[in-house]
Amino acid sequence: LVADRAPPRPTRDDFCVGNRVSFDNRHLQTRIGTILRINQRTASVDCDEQSWRVPFGLLRHIVDL
């Protein structure tokens, strides 16, 4: 039997400076930006002239095709 498990949450090791990422802000709007800095618990993300500190568990990688 396969247990219903959620996929593992992303961690600090899954990201590096320069990655393009997306996340949903507190108003559930999707934001897209570039990681400027990796902190201990959050990443500093630049989104259209705004800087956000986002926990790694909320970040999603963006794949450019």
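Trainee: Why is F23 called buried?
Mentor: F23 has a relative accessible area of 2%, and buried means under 20%, with exposed over 50% and partly exposed in between (1.4 Å probe, protein chains only). So F23 counts as buried.

Trainee: What am I looking at, and how is it numbered?
Mentor: It's a predicted model, where local features need pLDDT of at least 70, side-chain atom pairs count only at pLDDT 80 or more, and totals for chains, interfaces and linings use all residues. Numbering runs from 1 along each chain as its sequence is written, and side-chain values use heavy atoms, leaving out hydrogens and water.

Trainee: How many aromatic pairs does a search of the whole structure find?
Mentor: Two. Rings of Phe, Tyr and Trp (its six-membered ring) pair if their centres lie within 6.5 Å; planes under 30 degrees apart are stacked, over 60 edge-to-face, and the rest tilted. F15 and F56 sit 6.1 Å centre to centre with 20° between the planes, which makes that pair stacked. The pair links distant parts of the chain, 41 residues apart: F15 is in the segment before strand 1 (20-24), and F56 is in the loop between strand 4 (50-55) and strand 5 (60-61). Strands (E, at least two residues) are DSSP runs numbered from the N terminus.

Trainee: Why is the pair of F23 and W52 edge-to-face?
Mentor: Their ring centres are 5.6 Å apart and the planes are at 65°, so the pair is edge-to-face. F23 is in strand 1 and W52 in strand 4, so parts 29 residues apart in sequence get tied together.

Trainee: What makes D24 and R60 a salt bridge?
Mentor: The closest N and O atoms are 3.4 Å apart, and the rule asks for a side-chain nitrogen of Lys or Arg within 4 Å of a carboxyl oxygen of Asp or Glu. So the pair qualifies, and the structure holds one salt bridge. D24 is in strand 1 and R60 in strand 5, so the bridge ties together parts 36 residues apart in sequence.

Trainee: Is N19 buried or exposed?
Mentor: N19 is at 18% relative accessibility, so it counts as buried.

Trainee: What does N19 touch?
Mentor: Not counting residues up to four places away in sequence, N19 touches D14, G33, T34, I35 and H61, where contact means heavy atoms within 4.5 Å.

Note on methods
Helix = DSSP H or I, 4+ residues; strand = E, 2+ residues; numbered from the N terminus.
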